[in-house]
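Biologist: I am new to this structure and would like to learn how to read it. Could you take me through some of its features, one at a time?

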Amino acid sequence: MTLTSSEGFVIYRTPYSNKKYYRTGDWKEYSAQSHGFIIQSFDNQKSFILEAPKKELNDKNIIINFPEKKQTNHELSKTAYLEQLNTFIDASQRELTKVISSRIINQSVNQQFDLFQAFEKLASQQTNALVYILNIPNIGMWMGATPETLLKVSPTESYTIALAGSQKSDHISPWGKKEIQEHEYVIEDISQKLMVQQIKHIISDTETIVAGRVAHLKTKINIKTTLTNIKAIADTLHPTSAICGMPQENAYEFIIENEPYDREFYTGYLGELEDHNNAWIFVNLRCMQLFDHVLTLYVGGGITNDSNSEKEWEETQLKSQTLLAVIEKI
C-alpha cells in the first residue's frame, strides 16, 4: 500500500496494544454526530474527523510518500530561544501563574528516509503512548508518540490525566519544587473545569511515569458522572494548563503573541471518538509535522516563577530525543 499527501489517512496504535489500525478516506470538519478519528488544533480553529471504519493493519509493506510542501518556519537559535524563555519567565513573575513556552526543531532527512519505518520504531519503543502518522490533504502530514490522555471513556470507566513536570528518566531524582508546583496547577485546572460542568470526579495519588527518555509526574482523575457529549467535555478540558498555562485566557493570548510560529496541531488533541461510550483522546505532544524531507519537531515546557531559562532549554533538548533518537536510526 502506497500513501501520498493527496490522500486522507491515519495509521495508529493505542497504548499497551500490539494491534495497529488504519483509516483511509476524506477528513471532514467535525459535526455533532461525527464518529471516527479526530484531530483538533491548539487554537480550536481546525477540527477534522476521519469517519471511515478502522481496520487492523497487517501489511508491513507500507510506503508513505513525503509531502511536497516546503518548511518556511526557521527554528530559533539557542540564544534566541533563551530570550523567548526570559520573556515567558518575566510574565510568570508578573501577570501569569504559569505559561508554556515551545519551539520547533527542523531536521532534514535523506531521500531514502522511510516514514512507515519511523512509525514502526516509535510504536515498538513508546509502548505507553498513542503512536500515529496521519495526513489531511492541503492541511498537513503529522507523526507523533504522545503519552498524555486528555479523556478516556469506556463502558467500565472514564478518566482524564494530569501530566506535568519533567526530568531525565535514566536517573530519576526527587521531584523539585518547580515541577511539583507545575503539576499541582494542572490538577487544579482540570478539577475546576470538571466542577463547573458538575462532573463528579476522584483525584488519585500522583505517580512517576517514564515516556522515552523523560519522566513525568502523573495523576489520574476518575470521572464518576455519565458523559453524554464526549466532544464537549474534551473541549472543556482543552487546553489544559499543562500545554497553555494559568490563568488560561491570559496565558493563551500571551502564547499567541509571543511564540514566533503557529502551533497548529501541536498541543491540540487527537484520537478515537467512536460513540458516547467509547473514546480515547490524547493531547498532541511529542509530535512533528512532515514537509519535503524535513521533519519539524515541536517541544516545550511549563514556565513558572521558579523557572531557569538554561534548564528550560535543556528540558526541550531532552524531550526532543523521544523523536530524534528514532529519526537518527532510520
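Modeller: Gladly! Let us begin with a term: contact means heavy atoms within 4.5 Å. Keep in mind, too, that this is a predicted model.

Biologist: Which residues does aspartate 189 touch, not counting residues up to four places away in sequence?

Modeller: Aspartate 189 touches Pro239, Thr240, Ser241, Met246 and Gln248. Aspartate 189 itself sits in helix α3, which covers residues 177-196.

Biologist: Is aspartate 189 buried or exposed?

Modeller: Buried means under 20% relative accessible area. Aspartate 189 has 8% relative accessibility, so it counts as buried.

Biologist: Pro239 was one of those partners. What kind of peptide bond joins histidine 238 and proline 239?

Modeller: First the general idea: most peptide bonds are trans. Histidine 238 and proline 239, however, are joined by a cis bond, with omega at about -5 degrees. Proline 239 belongs to the loop between α4 (230-237) and β16 (245-246). Another cis bond links methionine 246 to proline 247, where omega is about -10 degrees. You will find proline 247 in the loop between β16 and α5 (248-258).

Biologist: How should I read phi?

Modeller: Most residues other than glycine have a negative phi. Threonine 267 is not a glycine, yet its phi is positive, about 65 degrees. Threonine 267 lies in the loop between α5 and β17 (269-275), and its relative accessible area is 1%, so it is buried. Histidine 293 is not a glycine either, and its phi is positive at about 55 degrees. Look for histidine 293 in the loop between β19 (287-290) and β20 (294-303); with a relative accessible area of 13%, histidine 293 is buried.

Biologist: Now for polar contacts. Which side chains make a polar contact with the side chain of serine 102?

Modeller: The idea here is a pair of N or O atoms within 3.5 Å. The side chain of serine 102 has a polar contact of 2.7 Å with that of glutamate 259, and one of 2.5 Å with that of tyrosine 261. Serine 102 is in strand β9 (residues 98-108), and its relative accessible area is 0%, so it is buried. Beyond its neighbours within four places in sequence, the contacts of serine 102 include Tyr81, Gln84 and Arg263.

Biologist: Last topic: helix packing. At what angle do α2 and α6 pack?

Modeller: Helix α2 (residues 115-125) and helix α6 (residues 309-327) pack at about 125 degrees, with axes 9 Å apart. The two helices are therefore oblique to each other. Ala118, Lys121, Leu122 and Gln125 of α2 make the contact with Thr322, Leu323 and Val326 of α6. These residues divide into four nonpolar, two polar and one charged.

Biologist: How do α1 and α6 cross?

Modeller: The axes of α1 (residues 78-92) and α6 come within 9 Å and cross at roughly 120 degrees, in a right-handed crossing. Lys78, Tyr81, Leu82, Leu85, Asn86 and Ile89 of α1 meet Ser309, Glu310, Glu312, Trp313 and Thr316 of α6. That contact has five nonpolar, three polar and three charged residues.

Key. Residues are numbered from 1 along each chain as its sequence is written. This is a predicted model: local features need pLDDT of at least 70, side-chain atom pairs count only at pLDDT 80 or more; totals for chains, interfaces and linings use all residues. Side-chain values use heavy atoms; hydrogens and water are left out. Axes are lines fitted to C-alpha atoms, for helices over the stretch in contact, and angles run from 0 to 180 degrees between N-to-C directions. Helices (H or I, at least four residues) and strands (E, at least two) are DSSP runs, numbered from the N terminus. Angles under 35 degrees count as roughly parallel, over 145 as roughly antiparallel, 65 to 115 as roughly perpendicular and the rest as oblique. Ala, Val, Leu, Ile, Met, Phe, Trp, Tyr, Cys and Pro count as nonpolar, Asp, Glu, Lys and Arg as charged, and the others, Gly among them, as polar. Buried means under 20% relative accessible area, exposed over 50%, partly exposed in between (1.4 Å probe, protein chains only). A polar contact is a pair of N or O atoms within 3.5 Å; within protein, one must be able to donate a hydrogen and the other to accept it, and residues adjacent in sequence count only if both atoms are side-chain atoms. A crossing is left-handed if the near helix is turned anticlockwise from the far one by less than a right angle, and right-handed if clockwise.
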